[in-house]
Structures are given as C-alpha cells and as structure tokens.
Amino acid sequence: GHFPLHDCHALGINPATYFNSALMIWNQRHLEMWEAARKIDEAGVFPNLNDPHEPDDGGQRLKDFGEQSYINAAVQQTKTPFQALPDSFNYMPYAAREMKEYPKIPNPVACHAAGYAIENKREFLQFCARQWSEKKP
C-alpha cells in the first residue's frame with residue numbers, strides 16, 4: 001500500500017501537499033515546525049486511526065516508520081512555507097521501477113534507497129556511486 005495516504009488520513013492532513021523528507025534544508029526559522037512535529041509524535045493522537053473506512057490499519061500508529069509523516073503534519077499545522085527541491089535531488093529508482101509513479105530522471109543528484117530491503121541498501125547505494133562515477137560530463 002501507499003503509506004502516505006494512510007498516514008494523511010490518520011493525521012487528518014491534506015495528501016496533495018505531502019512531501020518526501022529524504023533531503024531537507026532547514027534553519028532557525030523552522031523551529032516551530034520541528035517542535036510541532038515532536039509534539040505530534042509524543043502525543044500519539046491520530047484523529048482518524050482505526051477508522052472503519054481504513055480496514056487495513058490494524059491499529060498501527062502510522063505506516064511511515066520514520067519522521068516523514070510527523071514533519072508533513074507539522075508543516076501543515078504551522079503553515080510553514082517550504083520550497084521543494086527538484087526531483088533530481090531525491091531520485092527513487094524503486095518507485096520509478098516498481099510503482100511506476102515517479103519520473104525516470106536522466107541525471108540524478110542524489111539517490112534515495114527507499115523500497116530496498118535494509119540488507120540491500122548498502123549494495124544499492126554502492127551501485128549508484130559506481131554508475132555515477134563512470135559517467136562523463
């Protein structure tokens with residue numbers, strides 16, 4: 001399944017503005033957002049969790065195992081403005097190949113190992129490094 005939709009529903013946030021938090025640049029102006037994300041995590045209050053319209057949630061808190069859904073909820077709550085980096089800064093080959101939802105990027109800047117099993121991530125990232133180092137400018 002697609003965890004962002006589940007988590008957006010559980011947190012009561014807009015999925016249309018959900019973003020991937022793999023590579024972020026923040027500064028002091030964003031402290032309010034980070035504090036809000038921490039409070040959302042600590043409170044563990046998810047207004048729509050265990051909703052009968054979401055039968056597969058199985059009582060889970062959120063499907064995202066990391067910080068991403070909390071950050072998205074906090075950005076929306078605090079109305080923190082942000083500028084997304086181009087897709088080339090967060091290329092996800094797994095999503096491009098398996099989910100067919102992500103564009104194929106010819107010259108990625110950063111490669112995201114999302115979707116690869118933890119035991120395969122290092123090998124995958126080493127493969128990316130080899131591929132990019134062989135390219136001629």
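Of the 137 residues in the protein, 34% are buried, where buried stands for under 20% relative accessible area, exposed for over 50% and partly exposed for what lies in between, with a 1.4 Å probe and protein chains only. This is a predicted model, in which local features need pLDDT of at least 70 and side-chain atom pairs count only at pLDDT 80 or more, while totals for chains, interfaces and linings use all residues. Residues are numbered from 1 along each chain as its sequence is written, and side-chain values use heavy atoms, with hydrogens and water left out.

The secondary structure comprises five helices and zero strands, in the order α-α-α-α-α along the sequence; helices (H or I, at least four residues) and strands (E, at least two) are DSSP runs numbered from the N terminus. Among contacts in the protein with a separation of 6 or more, 54% are between residues 24 or more positions apart, a contact being heavy atoms within 4.5 Å. The protein exposes about 9,300 Å², and carbon and sulfur atoms supply 56% of that area, as given by the Shrake-Rupley method with a 1.4 Å probe, for which only the protein chains shown count as cover for residues.

Helix α3, which spans residues 68–78, is mostly covered, with nine of its 11 residues buried; among them are Tyr-70, Ile-71, Val-75 and Thr-78. The helix is followed by Lys-79, which has a positive phi near 55°.

Thr-78 belongs to α3 and counts as buried because its relative accessibility is 19%. A polar atom of the Thr-78 side chain lies 2.7 Å from the backbone oxygen of Ala-74, and the side chains of Thr-78 and Thr-80 are joined by a polar contact of 2.5 Å. Such a polar contact is a pair of N or O atoms within 3.5 Å; within protein, one must be able to donate a hydrogen and the other to accept it, and residues adjacent in sequence count only if both atoms are side-chain atoms. Leaving aside residues up to four places away in sequence, Thr-78 touches Glu-32, Met-33 and Ala-36.

A search of the whole structure finds two aromatic pairs, listed below.

| Pair | Centre to centre | Angle between planes | Class |
|---|---|---|---|
| Phe-19 and Phe-82 | 4.5 Å | 40° | tilted |
| Trp-26 and Trp-34 | 5.7 Å | 80° | edge-to-face |

Rings of Phe, Tyr and Trp (its six-membered ring) pair if their centres lie within 6.5 Å, and planes under 30 degrees apart count as stacked, over 60 as edge-to-face and the rest as tilted. The phenylalanine pair links distant parts of the chain, since Phe-19 sits in the loop between α1 (3–11) and α2 (31–43) and Phe-82 in the loop between α3 and α4 (93–99), 63 residues apart. Phe-19 counts as buried at 14% relative accessibility, whereas Phe-82, at 38%, counts as partly exposed. In the other pair, Trp-26 is partly exposed at 22% relative accessibility, and Trp-34 is partly exposed at 32%.

Leu-85 is also placed in the loop between α3 and α4, and is partly exposed with a relative accessible area of 37%. Together with Leu-23 and Ile-25, Leu-85 makes a nonpolar surface patch of about 300 Å². Patches are made of residues with over 30% relative accessible area and no salt bridge, like charges being joined within 9 Å and nonpolar side chains (Val, Leu, Ile, Met, Phe, Trp, Tyr) within 5 Å; a salt bridge is a side-chain nitrogen of Lys or Arg within 4 Å of a carboxyl oxygen of Asp or Glu.
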